[in-house]
Amino acid sequence: MIHIEDKKECCGCWACYNACPKHCIGMKEDEEGFRYPVVDASLCIDCGLCEKVCPVIHADKADTPHAQQGFLAQHKDEDIRKESTSGGAFTAIASWIIRQGGIVYGAGYRKGTFIVEHQGVETEKDLSVFRNSKYVQSNVMNTFKEALGHLKAGRWVCFSGTPCQIEGFRNFLRGREYEKLVCVDLVCHGIPSPRILTRYIEAQQTLIGGEFTNVLFRDKHYGYHYSSFSIYNKEKGKDYHKGVDSNAYLRAFFNNLSDRPSCYDCRFKKRYRRSDLTLWDCFPIEKFTKQMDGKGTTRVLVQSEKGEMIMDAIGNELRTVRVEPDKLVSDVREMFHSVPMNPQRGQFFKDCNVLPPADFFRKWFPITWKVRLNAFVRLTCHRLGIYTFAKRMFMLVYTRKDDRK
């Protein structure tokens, strides 16, 4: 019977919930808004499946090499690329699966809400629900079992998610390989609490008013290199766009205040993974090639022969450049290292639960003159077309300063 004593020992992948033959495991939300398994002992038959499928219990920290290929990818459909966080490679992968009569699972908003949950999509039109990164933990719910049912019926299935979710899904399958299963994971910074997102939307609703039609965590309103947290409003003139310098939700995320406890000791930070394809951003593109523009690029690390087959199959939909895998991953800290826990995290969540949402974010992320100046400089550099250059020069000076310490 699975029992969580240390919350760092649960990544919230829902594998145990999906595996339980007696449906006696519930995923209960704690005081931080994260879900953990709770077993109804009166129904449990001590079969041990919940522990057998747990990716944290069975995490293999060894980064065992296997053959890989590296690509930079940009979707040729500019509308798709603009809607995507980076280069739109996942849409091309998912579209191919659907054209084979398959189904694609990923994280998107539950219809009519801003609750992020895993769901299956069977038309190319509906793939838009997966575009743009979701900086919040998704509820996987029954999708492991649903995906397995489709695999047993002989359908193609693409299952996408964070590394811990893919590990959980693979464990749920109990080691069985399916010819028509394609797993896609991403390079993950960490997974913020759904409660923080809910509180943030409540705060913005109070401040902005109107009716929100969409919330995007990495919108290209100002371009790829200076992406914004955007809220689109049904009422004209009430759209909201702020960068990482001044948006409270992004500031919480990148200050490592809002992540799940397991993210501070992630067991799945490695290069060689159980997925078929690993995807993430490419900054800056100039480091790798001059053949592509700066409007959004996906780095693709091919982890299997099946992943290689998929990349060949979608070649007509993407502009691609091959890159040696060693070079592709050389500067990617998030692939190998967990984020450090912010020492103020405990107080952050305490305040979240007692303060009105607007007061909570105002307390933790006041808009000071320094914040305003930072945002002004970034936006000005973007409008002058020198944002990428200025950022590169800043990082060069900053790195040299660190090296002298």
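1. Searching the whole structure, a predicted model, turns up five cavities of 30 Å³ or more. The largest cavity has a volume of about 170 Å³. It is lined by 20 residues, and those closest to its centre are Cys164, Ser262, Cys263, Cys266 and Phe268. The search uses a 1 Å grid over the protein atoms alone; a cavity is a set of points where a 1.4 Å probe fits but cannot get out, and lining residues have an atom within 4 Å of a point. Grid points are joined across faces, edges and corners, and a volume is the space filled by probe spheres set on the points. The lining of the largest cavity splits into ten nonpolar, four polar and six charged residues. Here Ala, Val, Leu, Ile, Met, Phe, Trp, Tyr, Cys and Pro count as nonpolar, Asp, Glu, Lys and Arg as charged, and the others, Gly among them, as polar.

2. Basis of the model. Residues are numbered from 1 along each chain as its sequence is written. Local features need pLDDT of at least 70 and side-chain atom pairs count only at pLDDT 80 or more, while totals for chains, interfaces and linings use all residues; side-chain values use heavy atoms, with hydrogens and water left out.

3. Second largest pocket. A pocket is an open set of points with protein on both sides within 12 Å along at least five of seven lines. The second largest pocket holds about 650 Å³ of space. Its lining has 29 residues; closest to the centre are Ser128, Val129, Arg131, Asn214 and Leu216. Helix H3 (78–83) and S8 are the elements that give two or more residues to this lining. S8 gives the most, with eight residues. By class, the lining of the second largest pocket has eight nonpolar, ten polar and eleven charged residues.

4. Three-stranded sheet. Helices (H or I, at least four residues) and strands (E, at least two) are DSSP runs, numbered from the N terminus. Two strands pair if DSSP finds at least two bridges between them. An open, antiparallel sheet of three strands has the order S8-S9-S10. Strand S8 (212–219) and strand S10 (240–242) are the edges, each pairing on one side only. The twist from one strand to the next averages 10°. Angles run from 0 to 180 degrees between N-to-C directions, with axes as lines fitted to C-alpha atoms, for helices over the stretch in contact. Five antiparallel bridges connect S8 with strand S9 (residues 228–233). Leu216 has Ser230 in S9 as its bridge partner. Helix H7 (residues 194–208) packs on this sheet and touches S8, S9 and S10; its direction makes about 120° with that of S8. Contact means heavy atoms within 4.5 Å.

5. Eight-stranded sheet. Eight strands make an open sheet with mixed pairing, in the order S5-S4-S6-S7-S11-S12-S3-S13. The twist averages 25° from one strand to the next. Helix H6 (residues 163–172) packs on the sheet, touching S5, S6 and strand S7 (181–186); the helix direction makes about 155° with that of S7. Strand S11 (residues 277–281) pairs antiparallel with strand S12 (residues 298–302) over five bridges. Thr278 stands opposite Leu301 in S12.

6. Hairpin. Strands S1 (residues 25–29) and S2 (residues 35–39) run antiparallel and are joined by five bridges. Gly26 faces Val38 in S2. Five residues lie between the strands of this hairpin, and Gly33 there takes a positive phi near 95°.

7. Backbone points to check. Most residues other than glycine have a negative phi, and most peptide bonds are trans. Trp14, a residue other than glycine, has a positive phi near 75°. Trp14 sits in the segment before helix H1 (15–19). The Phe283 to Pro284 peptide bond is cis, with omega near -20°. Pro284 is in the loop between S11 and S12.

8. Aromatic pairs. The structure has 28 aromatic pairs. Phe144 and Phe159 form an edge-to-face pair, because their ring centres are 5.4 Å apart and their planes lie at 65°. This pair links distant parts of the chain, 15 residues apart: Phe144 is in helix H5 (residues 143–152) and Phe159 in strand S6 (residues 157–161). Rings of Phe, Tyr and Trp (its six-membered ring) pair if their centres lie within 6.5 Å; planes under 30 degrees apart count as stacked, over 60 as edge-to-face and the rest as tilted.
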